[in-house]
Amino acid sequence: MAEIILGLMGGLGLFLFGMKQMSDGLEKAAGAKMRSILEFFTKTPVRGILVGTFFTAVIQSSSAATVMVVSFVNSGLMNLYQAAGVIMGANIGTTVTSQLISFNLSALAPAIVMAGVVMVMFCKKTNIQRIGEVLLGFGILFMGLTTMSDSMSVLKESPKVVEIMGSLSNHFVAIVVGMVVTAVLQSSSATVGIVLLLANQGLLNIQICFFIILGCNIGACVSALLAGLNGKRDAKRASLIHLLFNIIGTLIMFIALTVALDPITQFIQSISGNNPGREVANAHTLIKIVEVVMLAPFIKYIVKLTGVFVRGEEKKPADGFELHYIGAKSVFSPTTAVFDATREMERMGHMAITNLERAMNALITLDQEDIAEVYAVEKQIDFLNHSITDYLVKINQTTLPADDAKSIGGLFHVVNDIERIGDHAENIADAAKSRMEDKIDFSSQAKRELSGMLDMVIKITTYALDMFSHNNQEHMQEILDLEDKVDDAERSLQESHVQRLTRGECTASAGMMFSDIISGLERVSDHATNIAFSLLDDDPIEQQKVQRAQVSGK
């Protein structure tokens, strides 16, 4: 008996590891692309259902899909109605795993594992390695199934075991069993896979399998509930949508199965060729489809119901410093981690741009309130700098989608560049304060020159932040041209400043302050250009330098 138990444990371990390996490989290979699809094609609940089905079928994990959706809701990218559609679709997509398991591919498992190992160990291209990881996980999964199946084939020869398994006839108890096992394993697909094997060995009656599957529906909500627990109000509501959908769907299907169990069983058997494994897989898929079809028209009522359970407004932190997309109130998902960090950096960037404008206004108008506000916002920017950097360090230690993993280095540079822009705004506020205290006067021409240069710097910084945050390359050439214009303007204004000093039109104190400010603005332009091209493989600035060197060499 000890050998049988060890065999079952080893097989289950291989099965769970293989499933995770396959899911992680698919997520790393397609995570960033699938995230874009999820973001774009979920404008209506019906589209959300279709995309959720397709997305979950690809990454083979409803838990990962649901956690990602909760993360999107937490960051404001997706509303609750869109999330509800995707969550419903994820419930259908997750049945693909049981369908694959029901086709006995165990004989091919060693060859699949070998193919995966070769691709991971000997192929240099990252994409091929990712595919290898998927194949490796797929093969290990079926090897685990084979190990469990062999152990179960011995168990069915034990009258005691057959008696215990056969005694599981209470439908409610079966639901509880399915719910508990799924909550522990954190995977409804794993539970259904085990049920499928037990049915294949004749240890479980097919009708009781239906009710265990219903229990799996509720147990599968644990991951999303845990993910939403520390999130914002709408993230909690999104995870609750998943739970309510599965509870209501389970109640409906429980009543339907109780009333018409025999006809439903006969139908499932007729479309499955009397193959117990196929019967379990088909029942899993059909139950999910029926639940979605019946509840999809009531999405808005399910969303409203979550408001009954999760009330209140978000509490603001006492110090006024808060993170919108990452941190303690965020929902962490490797697939959306870089996206969430980028959103927080975009927010930080807009804060820095506005503060730069505010500082320059304070310099010209000597508005004390603007000066004080510049210093207050700079503290927030510093807080964001430290928080985002810590977050980037954290996610750099996790398994990320391939495209996201490559961008981490650039993100560290960007957050530093944005922080430096904030520092330049603070420097201008310091100048405004000194100008006020020492009664330093600027000529009208100096003020016009500073305003003109600021306009160019604000424009290039805004374009750069948009290019970084949304990969919008519409203004790429304009950014490069503006960078040259700012450099030219800095040289020209320095010359004009020297001429005014020579003519005695401004004081040495005013001239020194003016020179420092335009030098600072030129450096802001440099930081902006770095931000714009931080995530591009080929740096257009370096390309232009090479081209200019070639032209001058001729």
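1. Lysine 459 and glutamate 478 join their side chains in a salt bridge, 3.3 Å from N to O. Lysine 459 belongs to helix α20 (residues 444-470) and glutamate 478 to helix α21 (residues 476-503), so the pair ties together parts that are 19 residues apart in sequence. Lysine 459 is partly exposed, at 37% relative accessibility. Glutamate 478 is also partly exposed, at 29%. Please keep in mind that this is a predicted model.

2. How many salt bridges does a search of the whole structure find? The search finds seven. The pair in point 1 is a salt bridge, and the next two points take up others.

3. Salt bridges with shared partners link Arg233, Asp234 and Arg237 into one network. Within it, the side chains of arginine 233 and aspartate 234 form a salt bridge at 3.7 Å, N to O. Aspartate 234 is partly exposed, and its relative accessible area is 28%.

4. Arginine 435 pairs with aspartate 441 in a salt bridge, and their closest N and O atoms are 3.8 Å apart. Are these two partners buried or exposed? Arginine 435 is buried, because its relative accessible area is 5%, under the 20% cut-off. Aspartate 441 is exposed, because its value is 57%, over the 50% cut-off.

5. There is a nonpolar patch on the surface. Met114, Val118, Met121 and Phe122 form this patch, and together they have about 440 Å² of accessible area. One of them, methionine 114, sits in helix α6 (residues 109-122). Methionine 114 counts as exposed, with 51% relative accessibility.

6. Now for helix α14. It spans residues 261-272, which makes twelve residues. From first C-alpha to last, α14 reaches 16 Å, close to the 16 Å expected at 1.5 Å a residue.

7. Which residues of α14 are buried? They are Leu261, Thr265, Ile268 and Ser272. These residues lie on the same side of α14, because they cover an arc of only 65° around the axis. Gln266 and Ser270 are exposed, and they sit on the face of α14 turned away from its buried side.

8. What covers the buried residues of α14? The cover includes the helices α9 (171-185), α11 (206-219), α13 (233-259) and α15 (276-295). Just after α14 comes glycine 273, with a positive phi of about 65°.

How values were computed
Residues numbered from 1 in each chain as written. Predicted model: local features only at pLDDT ≥ 70, side-chain atom pairs only at ≥ 80, totals over all residues. Heavy atoms only, no water. Salt bridge = Lys/Arg side-chain N within 4 Å of Asp/Glu carboxyl O. Buried < 20%, exposed > 50% of the residue type's maximum accessible area, 1.4 Å probe, protein only. Helix = DSSP H or I, 4+ residues; strand = E, 2+ residues; numbered from the N terminus. Patch = residues over 30% accessible without salt bridge, like charges linked within 9 Å, V, L, I, M, F, W, Y side chains within 5 Å. Areas by Shrake-Rupley, 256 points an atom, 1.4 Å probe, with all protein chains shown as cover. Expected span 1.5 Å × (residues − 1). Arc of directions from axis to C-beta. Contact = heavy atoms within 4.5 Å.
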